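Please keep the sequence and the structure in view while reading.

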Amino acid sequence: MAWIHVRHRVTDYNKWKEVFDSLSELKMRYGWKRYRLFQVAGDRNDLLVMEEFASLEQAQSFLESKDLKNAMQLAGVLGAPEATLLQGLEEGTP
């Protein structure tokens with residue numbers, strides 16, 4: 001299991017979400033499995049995006065792709081996003 005966590009600001013959440021949703025088929029070709037979206041501190045334009053991929057290599061490929069860079073520009077991402085590539089070690093519940 002591999003995850004990409006990206007934090008970035010956007011000009012307009014609704015515009016950003018439309019572009020995000022339009023990339024589903026493309027991301028599936030990179031092994032995309034699921035996502036979680038969070039707003040930071042109640043600010044709908046300050047986002048933390050968590051996406052799971054089938055492998056670390058696929059996640060890395062997507063993160064480095066021109067497709068993602070073009071989509072971020074189209075979606076109104078402001079500045080350089082903070083992106084972290086993670087590989088799962090353990091999950092649990094109390």
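A residue counts as buried when its relative accessible area is under 20%, as exposed when that area is over 50%, and as partly exposed in between. By this definition Arg7 is partly exposed, because its relative accessible area is 33%. The model is predicted. A search of the whole structure finds 6 salt bridges, and the points below treat three of these, including one formed by Arg7 and Asp46.

**The pair Arg7 and Asp46**

- Side chains of opposite charge can pair when their charged atoms come close.
- The side chains of Arg7 and Asp46 form a salt bridge, with a distance of 2.7 Å from N to O.
- Is Asp46 buried or exposed? Asp46 counts as buried, because its relative accessibility is 11%, under the 20% limit.
- The side chains of Asp46 and Arg7 are also joined by a polar contact of 2.7 Å.
- Leaving aside residues up to four places away in sequence, Asp46 touches Arg7, His8, Arg9, Phe38, Gln39 and Val40.

**The pair Asp43 and Arg9**

- In the salt bridge between Asp43 and Arg9, the closest N and O atoms are 2.8 Å apart.
- This pair links distant parts of the chain, since Asp43 is in strand E3 and Arg9 in strand E1, 34 residues apart.
- Asp43 is partly exposed, with a relative accessibility of 27%.
- Arg9 is likewise partly exposed, at 36% relative accessibility.

- A salt bridge joins the side chains of Asp21 and Lys17, at 2.6 Å from N to O.
- How many residues apart are Asp21 and Lys17 in helix H1? Asp21 and Lys17 are 4 residues apart in helix H1 (residues 13-22), which means that about one helical turn separates them.
- Asp21 counts as partly exposed, with 35% relative accessibility.

- What is the order of the 4 strands in the open sheet? The order is E2-E3-E1-E4, and the pairing is antiparallel.
- Strand E2 (32-40) and strand E4 (77-87) are the edge strands, each of which pairs on one side only.
- From one strand to the next, the twist averages 20°.
- Helix H3 (residues 56-64) packs on the sheet and touches E1, E3 and E4. The direction of helix H3 makes about 170° with that of E4.

**Strand E1 and its partners**

- Strands E1 and E3 are antiparallel and pair over 8 bridges.
- Within E3, Asp46 is the bridge partner of Arg9.
- Strands E1 and E4 also run antiparallel and are joined by 8 bridges.
- Within E4, Glu82 is the bridge partner of Arg7, while Leu86 stands opposite Trp3.
- In a regular strand the side chains alternate between the two faces of the sheet.

Notes
Residues are numbered from 1 along each chain as its sequence is written. This is a predicted model: local features need pLDDT of at least 70, side-chain atom pairs count only at pLDDT 80 or more; totals for chains, interfaces and linings use all residues. Side-chain values use heavy atoms; hydrogens and water are left out. A salt bridge is a side-chain nitrogen of Lys or Arg within 4 Å of a carboxyl oxygen of Asp or Glu. Buried means under 20% relative accessible area, exposed over 50%, partly exposed in between (1.4 Å probe, protein chains only). Helices (H or I, at least four residues) and strands (E, at least two) are DSSP runs, numbered from the N terminus. Two strands pair if DSSP finds at least two bridges between them. Axes are lines fitted to C-alpha atoms, for helices over the stretch in contact, and angles run from 0 to 180 degrees between N-to-C directions. Contact means heavy atoms within 4.5 Å. A polar contact is a pair of N or O atoms within 3.5 Å; within protein, one must be able to donate a hydrogen and the other to accept it, and residues adjacent in sequence count only if both atoms are side-chain atoms.
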